[in-house]
Amino acid sequence: MPIRPELKPLYPADWPQISRSVRFERAQGRCQRCGRPHGERVRTVAPGLWFDAGQGVWRDARGRVTRCPDLIGLIGLHETRVVLAAAHLDHDPRNNRWRNLRALCQRCHLQHDRAWHAAQRRLTWKSRSALGDLFEGPYRPGILGIEAAQARAGTLTDG
């Protein structure tokens, strides 16, 4: 996953080497949660089941062998390319201790970060509301809120 520009200073200069070591030396090019292989295209269905072509078996979201999905489940079959990323388990890019890093595929990484992303969305929403309350009155997202505020202030011109 690409690093956001504002977070780049938090990563060490040798981050590419650390990430490569976690993903390919320690994890042997497989997700450490579900076992999906890096760089390969895998067939998946909705609840996280995926087909391990190397072993010829279906696996669940935790990498355990499971039975083949039924015909209805196979309707949603699609193919995805697996990309491994080195994930910080505590979400702190400054903490690069070996036990804090895991090689996760994009699906497992997003699941691991789900609660963190929800908290960040909430903080963003709350900060926007606070700025709206502080400077413009009640927060009204979107262009309609801006037009309504301008109309009340008498700054909206016809034309």
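Tutor: A residue is buried under 20% relative accessible area, exposed over 50%, and partly exposed in between, with a 1.4 Å probe and protein chains only. This is a predicted model, in which local features need pLDDT of at least 70 and side-chain atom pairs count only at pLDDT 80 or more, while totals for chains, interfaces and linings use all residues. Residues are numbered from 1 along each chain as its sequence is written, and side-chain values use heavy atoms, with hydrogens and water left out.

Student: Is Gly76 buried, exposed or partly exposed?

Tutor: Gly76 lies in the loop between helix 2 (71-74) and strand 5 (78-81); helices (H or I, at least four residues) and strands (E, at least two) are DSSP runs, numbered from the N terminus. Its relative accessibility is 41%, so Gly76 counts as partly exposed.

Student: Leaving aside neighbours within four places in sequence, which residues is Gly76 in contact with?

Tutor: The C-alpha atoms of Gly76 and Ala46 are 6.5 Å apart, although 30 residues separate the two along the chain. Contact means heavy atoms within 4.5 Å. With neighbours within four places left aside, Gly76 is in contact with Thr44 and Val45.

Student: In what order do the elements of the protein run from the N terminus on?

Tutor: The secondary structure comes to five helices and seven strands. From the N terminus on, the order is α-β-β-β-β-α-β-β-β-α-α-α.

Student: How many disulfides does a search of the whole structure find?

Tutor: A disulfide is a pair of cysteine sulfur atoms within 2.5 Å. The sulfur of Cys105 has its closest cysteine sulfur in Cys108 at 3.6 Å, which is too far for a bond. The search of the whole structure finds a total of zero.

Student: How far from Cys31 is the nearest cysteine sulfur?

Tutor: Cys31 is buried because its relative accessibility is 4%. Cys31 is in no disulfide, and the nearest cysteine sulfur, that of Cys108, lies at 3.7 Å.

Student: What share of the residues in the protein is buried?

Tutor: Cys105, for one, is buried because its relative accessible area is 1%. Of the 159 residues in the protein, the buried share is 30%.

Student: Is Gln28 buried or exposed?

Tutor: Gln28 is in the loop between helix 1 (15-26) and strand 1 (41-44). Gln28 has a positive phi of about 55° although it is not a glycine. Its relative accessible area is 60%, so Gln28 is exposed.

Student: Near what value is the phi of His91?

Tutor: His91 is in the loop between strand 6 and strand 7. Its relative accessibility of 24% means that His91 counts as partly exposed. His91 is a residue other than glycine, yet its phi is positive, near 65°.

Student: The charged end of Arg26 sits over the ring of which residue?

Tutor: A charge sits over a ring if NZ of Lys or CZ of Arg is within 6 Å of the ring centre and within 35 degrees of the ring normal. The charged end of Arg26 is 4.7 Å from the ring centre of Trp98.
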